[in-house]
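Welcome to this structure. Here are a few notes to read alongside the sequence and the 3D view, taken point by point.

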Amino acid sequence: MKETKRPADRLKKVLMIDKLKSASNLEELLKNDARILLENYFELTAGAVRTGLNIDEKNLINIELTAKAANIKRFGIILK
Amino acid sequence: MGRKLVFTSGKGGVGKTTMCANIGIALSMLGQKVVMVDADIGLNNLDVVMCVENKVAYDVADVVEGKCRLKQALIQDADFPSLYILPSFHNYDTANITAPNFKSIIDTLSVGFDFVIIDCPAGIDSGFHRAVAAASEAYVVTTPHISAVRDADKVMALLNGYPLLNIGLVVNRVRGDMVISGEMMTAGDISRLLRCTPTGIIPDDDTVTVNSDIMRHNTECEVKQAIMILAENILSGKRRIYDCTDDYRGIFGKLKARLKKMF
């Protein structure tokens, strides 16, 4: 049997999803910023940064960030 | 200079026109000189709600096109001499009614009136922009339904881009019995989610379905009290709120709520 949610809880989820999918494209901004940050520490492989934003059953935002790197940088120098 | 208020919502059918009409009447009862302007080009209803549809000789399009003076297009209310209505154009041909033209009319009206109340069309397209750009204060009308509050949230985000002195929130058609039972959102829930304190909370009442301009009728009902409180809040900046749940608390309140559901 489907659990009845409080209307306010359901609305909160709807509003948060709207904001995540808004014209400002939060996910794309996050991906670009994450790439810049990670490239300071890692030699990232091409197209390796993936982001995921979704709302869980407690109306909290799950933020997932995964990336793959070929090597670690230290002071901008690639360690061999 | 008078205050220029726009009542908007995003979603249609939440009670913008009814709110405009009744707030206009309430403010004139409080001694203010008020003009209500129907900014809904094509789907106008303010004249019908105010029962002046048979008195429309000129409308806002005639004023813009120079076919009449602004004063000639104003319709004085029969019961409240300090209340006037500027009806809208009934054909959806808005080529001449641009935002600057409309703003010019509103600014002219604000010189001679204490309040200019603008009834904004539903939606967030050019009609919305035309109405909001002419106003100095905005009141977002919503009902405690998810779709209405969702649209109100988007409208509020858009309103932040305009140089408005004040953005208020009016929660309309609140069912006190359903709020008590948890089936309907509280005004507090809406206020927290929209991050805006309500200026007014209006209970749901069948008498408004019968008489949309309820403030001019002698019927005693909760809606009239709530609208008068809202008008006083708008006029003097007070923060009184009508409690829609008061009647449904306690043993007798629960009995009343049960009877309401049965009938």
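1. Let us begin with a term. A salt bridge here is a side-chain nitrogen of Lys or Arg within 4 Å of a carboxyl oxygen of Asp or Glu. By that rule, the structure holds 17 salt bridges over all chains. As background, side chains of opposite charge can pair when their charged atoms come close.

2. A word on what you are looking at. This is a predicted model, in which local features need pLDDT of at least 70, side-chain atom pairs count only at pLDDT 80 or more, and totals for chains, interfaces and linings use all residues; side-chain values use heavy atoms, with hydrogens and water left out. Residues are numbered from 1 along each chain as its sequence is written, while chains are lettered from A and ligands numbered from 1 in the order in which they are written.

3. How confident is the prediction for chain A? The score to know is pLDDT, the predictor's confidence in each residue, from 0 to 100. Chain A averages a pLDDT of 80, and 84% of its residues score at least 70. Its elements (helices are DSSP runs of H or I with at least four residues, strands runs of E with at least two, numbered from the N terminus) range from a mean pLDDT of 60 in strand S5 (residues 77-78) of chain A, the lowest, to 89 in strand S3 (residues 61-66) of chain A, the highest. Where pLDDT is low, the predicted coordinates should not be read in detail.

4. Now the interface. Contact means heavy atoms within 4.5 Å, and on that basis twelve residues of chain B are in contact with ten residues of chain A. The two chains bury about 970 Å² between them, 68% of it on carbon and sulfur atoms; buried area is the accessible area (1.4 Å probe) that two parts lose on being put together, summed over both. Of the area that chain B buries against chain A, 53% is supplied by Ile146(B), Arg150(B) and Leu193(B), more than any other three residues.

5. Charged pairs also cross this interface: the rule finds four salt bridges between chain B and chain A. One joins Asp18(A) to Arg150(B), with the closest N and O atoms 2.6 Å apart. On the side of chain B that touches chain A, helix H7 (146-159) and helix H9 (187-194) of chain B are the elements giving two or more residues. H7(B) provides the largest share, five residues. By class, this side of chain B has five nonpolar, one polar and six charged residues (Ala, Val, Leu, Ile, Met, Phe, Trp, Tyr, Cys and Pro count as nonpolar, Asp, Glu, Lys and Arg as charged, and the others, Gly among them, as polar).

6. Buried means under 20% relative accessible area, exposed over 50%, and partly exposed in between (1.4 Å probe, protein chains only). Six of the eight residues of H9(B) are buried, including Ile190(B) and Leu193(B). The cover over its buried residues includes H1 of chain A, together with strand S6 (137-142), H7, strand S7 (166-174) and strand S8 (198-203) of chain B. Just after H9(B), Arg195(B) takes a positive phi of about 55°.

7. Asp189(B) is buried at 8% relative accessible area, whereas Arg192(B) is exposed at 59%. Both belong to a network of salt bridges that also links Arg6(A) and Asp9(A).

8. Arg216(B) and Asp213(B) have their closest N and O atoms 2.5 Å apart; Arg216(B) is buried at 17%, and Asp213(B) is buried at 3%. For Arg240(B) and Glu232(B) the closest N and O atoms are 3.2 Å apart; Arg240(B) is partly exposed at 45%, and Glu232(B) is partly exposed at 21%.

9. Finally, where does Asn59(A) sit? Asn59(A) is in the loop between strand S2 (50-55) and S3 of chain A, and counts as buried at 6% relative accessibility. Leaving out residues up to four places away in sequence, Asn59(A) touches Asp9(A), Lys12(A), Lys13(A) and Met16(A).
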